[in-house]
Amino acid sequence: MWQPVLVYFLLCVGPSLQQFPRPCATREALLAKECCPAWEGDGSPCGAGSGRGSCEDVQVPEQPDGPQYPFAGLDDREKWPLVFYNRTCRCAGNFMGFSCADCAFGYFGVNCNERRESLRRNIFHLSRAERLRLVSYLNLAKQTISRDYVVATGTYEEMENGSNPIFANVSSYDVFVWMHYYVSRNALLGGPGNVWTDVDFAHWAPAFLPWHRLYLLHWEHEIRKLTGDNDFSIPYWDWRDAQGCDVCTDELMGDRSPRDPSLLSPGSVFSSWTVLCSRANDYSDRGVLCDARGEGPLRRNPGNHNRNVVERLPTSAEVEFTLSLPDYDTGAMDRGANMSFRNTLEGFGDPRTGLGNSPRMGMHAALHVFMNGSMSSVQGSANDPIFLLHHAFVDSIYEQWLRRHRPSPAQYPDSDAPIGHNSEYHMVPFLPLHRNREFFISSKELGYEYSYLLDANQRLAESMRPYLQELRDVWPWLLLAGLCGGMAAVTLAAAVLSARRRCRASPWLRVTKWKHLFALPERQPLICSDSEETKQRNYQTTL
């Protein structure tokens, strides 16, 4: 009951004070350029009184960026987060969060000292109950206003340098939709149509994989906080060699609508979802940010895409070729990078030759194009829940590459990458702050594993798990059915025995009195005679 009341209350508040923590989206915080909220546990900024963290100056790197973005001081995302804040919480030990209230990835418990590894499973290996829970959690996140975050709908300049905050409430799910839009949007240079398109702080360059790894971890973390289910993990969709959208069923991510193939089936809860931040060209033409308002239904028309751009979904051979590339990134570290694992996995390197600027998109990008709808826009793609399943599998390929090649930290570039992608750059627009290099490490160090990367014995046990869980869910009913069947059998046997006793006791019902009453005339048995005539007459087959 409390959840609908909370949602109603927050909706009635309307626009209030970038994934921005609510306590830091006030006029006072923006003018002070400080985001160091008090931890509820002791009331001190960043939980300093309990040793959880402290309020510190933000240190940004001075290493040069690549030539792709030739401006400085025009975009709020440059040297993130200095345009908005120059002091934030720095958490100690296993603590994390904008106020150091949370546990670092892989840690649980009141004091964040319980180390636990989560397992991300193939979505088709989930039990029926787990699939239902996944869809329910997604829809709950879509319908629940975020308690912790608001999103920016105006630039810092439009906010009059913090004097006039322009933020909006959105759902927990849509906070992450907005984040993906904001990090990949065009740079606004001033005025309608005056934008710079060759910029993206999470795509087309080295941070693509670390940024999306962090994005999924934070999304997973928020779902656990929202639901109280610390066992929840994002499943993945293994799309290798798939002939179509296997997850596009009403039980999972939604089937096609029979009336309009670009919409979702009314039998899916996702058919009622409204998208936001999906009209990139419109925002650029007007020279504005997304206003976080609804922009119509979720759209998807898998397979009816431009075959000149994407031939088909990626194959196992293409994944293996991509994994064989030993260099994480090469050359200018952009879409033209040759023999680059990152660029080939992202989809701009040919998955058969490794050459960059491929005329056809492959791997990660191929699936976005194949979905032919909300997923096909970079800025609006996170509106579709398939985005999460897709990027979980992309992350698993990244994990395979890290384990196979064991790159040194020096493989990740310190300088000259496109803006936002150098190793020490803080990832836009995350608060708390995280640097790119911090996620150029194995998933096991971050507290999670993929089921298909387990060893053989563990994979066997994992493959049996959903069946055993289904059996565990139905065994009470099987036991009840067995008891009922046993009781029925005992009752029937008792009735038969009672009837036999009555027959023996009553002379009227003796068999000798009745055995000739209904007797049929005797017939010749079916035998074979020695005579030719009898043989012909009696040569019969009974069925």
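Phe 341 touches Leu 209, Thr 322, Leu 323, Leu 325, Asp 327, Tyr 328, Ile 397, Tyr 398 and Trp 401, where residues up to four places away in sequence are not counted and contact means heavy atoms within 4.5 Å. This is a predicted model, in which local features need pLDDT of at least 70 and side-chain atom pairs count only at pLDDT 80 or more, while totals for chains, interfaces and linings use all residues. Residues are numbered from 1 along each chain as its sequence is written, and side-chain values use heavy atoms, with hydrogens and water left out.

**Nonpolar cores**

- The largest nonpolar core has 114 residues, and those with the most contacts inside it are Tyr 215, Phe 341 and Ile 397; such a core is a set of buried Ala, Val, Leu, Ile, Met, Phe, Trp, Tyr and Cys residues joined through side-chain atoms within 4.5 Å, buried meaning under 20% relative accessible area, exposed over 50% and partly exposed in between (1.4 Å probe, protein chains only).
- Helix 10 supplies the largest share of this core, 11 residues.
- Apart from this core lies another, of 5 residues, among them Cys 36, Cys 46, Cys 89 and Cys 100.

**Helix 10**

- Helix 10 (residues 386–405) has 20 residues and reaches 29 Å from its first C-alpha to its last, close to the 28 Å expected at 1.5 Å a residue; the expected span is 1.5 Å times one less than the number of residues, and helices (H or I, at least four residues) and strands (E, at least two) are DSSP runs numbered from the N terminus.
- Helix 10 is mostly covered, with 17 of its 20 residues buried, and is followed by Arg 406, whose phi is positive, near 45°.

**Disulfides**

- The structure holds 7 disulfides, each a pair of cysteine sulfur atoms within 2.5 Å.
- Cys 24 is joined to Cys 35 (S to S 2.0 Å) in a right-handed link with 80° about the S-S bond; Cys 24 lies in the loop between strand 1 (20–21) and helix 2 (27–32) and Cys 35 in strand 2 (residues 34–35), so the pair ties together parts that are 11 residues apart in sequence.
- Cys 46 is joined to Cys 89 (S to S 2.0 Å), and the torsion about their S-S bond is about -85°, so this disulfide is left-handed; Cys 46 lies in the loop between strand 2 and strand 3 (53–57) and Cys 89 in strand 4 (residues 87–91), so the pair ties together parts that are 43 residues apart in sequence.
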